[in-house]
Amino acid sequence: MNYFIFIITSAYVDLMRNKARTFLTTLGIVIGVASVVLLQAFGLGLKAYIKGQFDSLGTNLVFILPGNMFRAGGSGFGAGSMGSAISFDEKDLNSLKRASDAEIIVPSTMKSSKIEALGKSEYATIYGTSEEIFPTRNLEIDKGTFFLKSDINKRTKVAVMGPKIAEKLFGQAEFAVDQKISIDKITFKVVGVLKSKGGGGFGGPDFDSYVYIPYKTAFLVNNKKSFSSFVIKAISSERITDLKNETDKILLKRYKEEDFSVAESKEILNTVESIFSMLNMVLVAIGGVSLVVGGIGIMNIMYVSVTERIREIGIRRAMGALEKDILLQFLSESVLLSLLGGVLGLLLSFLIVLILRIFFPAYIDLSSMLMAIFVSSAIGVGFGVFPARSAAKLLPIEAIRYE
Amino acid sequence: MIKISHVNKEYVLDADNIFHALTDINVEIKDKEFVSIIGQSGSGKSTLMHIIGLLDRPTTGKVTVNDQDVSKLNDDEISLLRNDFVGFIFQQFNLINKLTVIENVMLPSIYSRKKLTFDPQQKAFELLKRFGLETKIKSYPNKLSGGQQQRVAIARALIMSPKLILADEPTGNLDSKSGEIVLSLIRDLNHKEKITVIIVTHDMNVAKQASRIIRIKDGKIEK
Ligand SMILES: Nc1ncnc2c1ncn2[C@@H]1O[C@H](COP(=O)(O)OP(=O)(O)OP(=O)(O)O)[C@@H](O)[C@H]1O
Ligand SMILES: [Mg+2]
């Protein structure tokens with residue numbers, strides 16, 4: 001009989017002799033592995049979701065935002081990035097229009113307000129902007145029409161809304177068209193409802209619940225007449241870098257470097273992703289705590305198992321087993337135990353992710369699987385080595401005389 | 001083959017109490033000898049046997065096996081010597097109850113580091129067949145009678161073809177009939193196979209089977 005096959009089968013036989021105890025001991029690892037794998041699956045899903053959202057924004061876009069959070073080589077996520085934020089105004093809009101590589105410049109002012117219609121009321125993000133937002137962000141009309149360029153200067157009180165908010169207020173998207181809504185006590189006419197862009201509901205922007213109004217109309221209630229950001233579409237992808245430099249130069253005439261950011265969508269995506277991966281790492285570390293608890297459970301049961309089998313250890317030593325044979329026997333048992341927990345935990349997370357996918361695109365990738373297997377074996381070794389050593393170090397004569 | 005010179009074994013019971021289990025023991029066992037060690041309970045027979053069988057180390061004194069000083073060997077070397085040089089037979093059988101009979105017999109071969117010149121499974125089966133246990137190979141030891149268990153233990157002691165068999169009260173837990181069978185098997189190992197046998201007992205009738213009797217009393221050898 002091959003030595004290793006013998007060691008592993010006897011470890012297996014020993015674990016199966018006490019199924020209830022084996023199962024209860026692995027439970028800690030099952031829960032630990034499942035929580036770590038699930039948190040990672042959730043993080044991966046979230047990342048993919050955010051990327052999807054950015055892709056749907058449109059291409060060749062440059063964003064101008066207050067604060068230096070997204071500035072390349074800036075302070076990133078941290079001190080002073082948002083606190084002393086500036087806001088832009090129409091003067092900036094006009095100076096940015098001089099940028100030669102810009103095809104479209106879309107200003108926007110955002111505000112969360114209560115919208116009332118037919119006795120119902122809902123909170124939504126009111127987006128004061130120009131008519132060019134629609135092609136820039138790939139927004140398509142479902143019912144009615146977009147508002148027009150002329151509506152801006154005329155300060156027309158018209159609104160285009162996302163399908164989700166339209167449904168909430170009017171029951172069905174098509175019923176919203178030509179209806180009156182009231183935003184901050186001002187009455188607007190709904191001229192159009194957009195096609196769904198999907199997403200929302202996970203803390204990310206819920207584009208389907210946005211209400212778009214001409215920015216000059218929005219200024220009626222915005223005394224500062226300020227914009228919170230600009231989106232600029234470059235005339236081509238090769239010109240994005242030039243466009244960024246140009247706009248940066250324009251704005252630096254008026255603002256300090258740390259007061260604003262000029263960023264492409266991929267830079268914003270990188271920043272958002274790095275914040276999420278940091279958050280995810282913290283969560284995974286917390287999940288790791290239950291793995292440690294599981295490991296301690298294994299250590300405990302292995303010490304019990306050593307005590308129960310002192311006589312057996314003595315017999316094996318009398319038959320010529322070396323210290324390392326005994327060490328390996330107990331170590332393979334603890335590794336098998338925690339590996340079993342790892343595999344069960346992985347299966348459990350597959351099951352949960354399968355259900356979770358109805359609501360959220362979480363997924364388990366190969367590296368999470370390998371990590372689960374690797375980490376659970378490592379726990380078996382790390383926490384099993386102390387009891388196994390205590391078994392190996394027993395004196396043969398004392399072990400065989402033990403009652 | 002084995003030489004024990006000036007061996008003492010002490011147990012520290014507490015701060016000012018040392019128990020002398022063996023005092024100045026000098027014994028030489030020659031190749032192919034059949035020796036018995038006899039003495040009252042607590043006289044130190046098992047302690048001496050464990051030292052001869054390399055399961056225990058003396059507190060002071062020298063043990064040489066084939067002119068090699070055992071105190072110079074490390075734990076691994078002693079374990080390997082125990083594995084292929086010595087076969088133990090205990091009063092309490094000391095079989096592992098979760099292993100089958102044939103697995104118990106094969107156990108020492110698992111721990112051998114030498115290239116085996118035999119197929120352990122086949123040899124284990126032949127030994128068990130020789131002792132009339134071929135129908136029990138897949139049984140578990142706790143399902144066997146005492147006499148059967150001791151025969152399994154003898155088969156296990158023989159699997160590595162040791163030069164020395166140590167039997168500590170091999171008939172102590174058996175009725176007279178199965179005791180007689182076990183004893184004749186052990187006797188044959190010396191008479192027919194020329195294996196060195198040391199048998200530990202407090203029973204003069206058992207001790208008489210050997211060609212030489214060593215008497216031990218209160219940890220000392222009686223002349
Ligand atoms: N680990 C130990 N600590 C203290 N005393 C011990 C220890 N092991 C053995 N002894 C003592 O050494 C003495 C000899 O023990 P040993 O087992 O060799 O006796 P024995 O002659 O085999 O007796 P029996 O016929 O009852 O088996 C006994 O008095 C025993 O109490
Ligand atoms: Mg004894």
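Among contacts in chain B (heavy atoms within 4.5 Å) between residues at least 6 apart in sequence, 72% join residues at least 24 apart. This is a predicted model, in which local features need pLDDT of at least 70 and side-chain atom pairs count only at pLDDT 80 or more, while totals for chains, interfaces and linings use all residues. Residues are numbered from 1 along each chain as its sequence is written, chains are lettered from A and ligands numbered from 1 in the order in which they are written, and side-chain values use heavy atoms, with hydrogens and water left out.

**Overall form of chain B**

- Chain B has 223 residues and a radius of gyration of 17 Å, which agrees with the value near 17 Å for a compact globule of that length (taken over C-alpha atoms, the globule rule being 2.2 Å times the number of residues to the power 0.38).
- The C-alpha trace of chain B spans about 55 × 40 × 35 Å along its principal axes.
- Of the 223 residues in chain B, 54% are buried (buried means under 20% relative accessible area, exposed over 50%, and partly exposed in between, with a 1.4 Å probe and protein chains only).
- Chain B exposes about 10400 Å², of which carbon and sulfur atoms supply 47% (areas come from the Shrake-Rupley method with a 1.4 Å probe; for residues, only the protein chains shown count as cover).

**Sheet and helix in chain B**

- Chain B has seven helices and 10 strands, taken as DSSP runs numbered from the N terminus (helices H or I with at least four residues, strands E with at least two).
- Four strands of chain B form an open sheet in the order β2-β1-β4-β5, with antiparallel pairing (two strands pair if DSSP finds at least two bridges between them).
- The edges of this sheet are β2 (17–29) and β5 (68–69) of chain B, each of which pairs on one side only.
- Strand β4 (residues 60–65) of chain B runs antiparallel to β5(B) and is joined to β5(B) by two bridges; in β5(B), Gln68(B) is the bridge partner of Val65(B).
- Helix α1 (residues 45–52) of chain B lies across β1 (2–14), β2 and β4 of chain B, running at about 125° to β1(B) (axes are lines fitted to C-alpha atoms, for helices over the stretch in contact, and angles run from 0 to 180 degrees between N-to-C directions).

**Salt bridges**

- Over all chains the structure holds 28 salt bridges (a side-chain nitrogen of Lys or Arg within 4 Å of a carboxyl oxygen of Asp or Glu).
- Asp101(A) and Arg239(A) form a salt bridge whose closest N and O atoms are 2.7 Å apart; because Asp101(A) lies in the loop between α3 (90–96) and β2 (102–117) of chain A, and Arg239(A) in the loop between β9 (229–234) and α9 (240–252) of chain A, the pair ties together parts that are 138 residues apart in sequence.
- Asp101(A) is buried, with a relative accessible area of 4%, whereas Arg239(A) is partly exposed at 33%.
- Arg113(B) and Asp325(A) meet through their side chains in a salt bridge (2.8 Å, N to O); Arg113(B) lies in the loop between α3 (101–110) and α4 (120–130) of chain B and Asp325(A) in helix α12 (residues 323–356) of chain A, so the pair joins two chains.
- Arg113(B) is partly exposed, with a relative accessible area of 42%, while Asp325(A) is buried at 0%.
- Asp31(B) and Lys32(B) also meet in a side-chain salt bridge (3.9 Å, N to O), with Asp31(B) partly exposed at 46% relative accessibility and Lys32(B) partly exposed at 47%.
- Salt bridges that share partners join Asp14(A), Arg17(A), Arg309(A), Glu312(A), Arg316(A), Glu333(A) and Lys98(B) into one network.
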